[in-house]
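Biologist: Please take a close look at one part of this model and describe what surrounds it. I would like one connected answer.

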Amino acid sequence: MPSYRVTLAVGALAPGTAPDAVLPEAARLVGELTVVEAKDVQLLRGVPCVVVRYEAPTDEIAEAVAEHTVDGFARVASVRSSAVTRRDGGRWTPVV
């Protein structure tokens with residue numbers, strides 16, 4: 001089954017949200033719909049980002065998982081931007 005990643009550029013945290021709660025919440029949201037393979041926090045171009053890798057059978061389902069994650073994530077932090085990528089051999093390809 002193909003691997004996908006959803007990358008969320010994190011904005012302001014919701015009141016009462018601890019910074020260390022952000023990554024587990026993103027992974028929990030993905031895990032509601034599919035298998036989480038990995039999770040990480042990265043600093044991309046100076047912006048903190050949550051990255052969750054997961055399984056999905058098609059691009060359409062991968063996008064639905066990402067949409068579910070973005071929608072639910074708004075409860076803990078604002079999302080400045082999001083992107084979905086698919087593992088193709090040794091590289092990550094944007095899902096359009």
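Modeller: In this predicted model, the buried residues of helix 1 are covered by elements that include strand 1, strand 2 (36-44), strand 3 and helix 2. The buried residues in helix 1 are V22, L23, E25, A26, A27, L29 and V30. That is seven of the 10 residues of helix 1, so this helix is largely enclosed by the rest of the structure.

In soluble globular proteins, nonpolar side chains tend to be buried together.

Leaving out residues up to four places away in sequence, Y4 touches V52, R53, Y54, A56, T58, D59, A62, V84, T85, R86, W92 and V95.

One of these partners of Y4 is T85, a residue of strand 4. T85 has 12% relative accessibility, and because buried means under 20%, T85 counts as buried. With neighbours within four places in sequence set aside, the contacts of T85 are S3, Y4, R5, W92, T93, P94 and V95. W92 and V95 are in contact with T85, and Y4 touches W92 and V95 too.

Methods:
Residues numbered from 1 in each chain as written. Predicted model: local features only at pLDDT ≥ 70, side-chain atom pairs only at ≥ 80, totals over all residues. Heavy atoms only, no water. Contact = heavy atoms within 4.5 Å. Buried < 20%, exposed > 50% of the residue type's maximum accessible area, 1.4 Å probe, protein only. Helix = DSSP H or I, 4+ residues; strand = E, 2+ residues; numbered from the N terminus.
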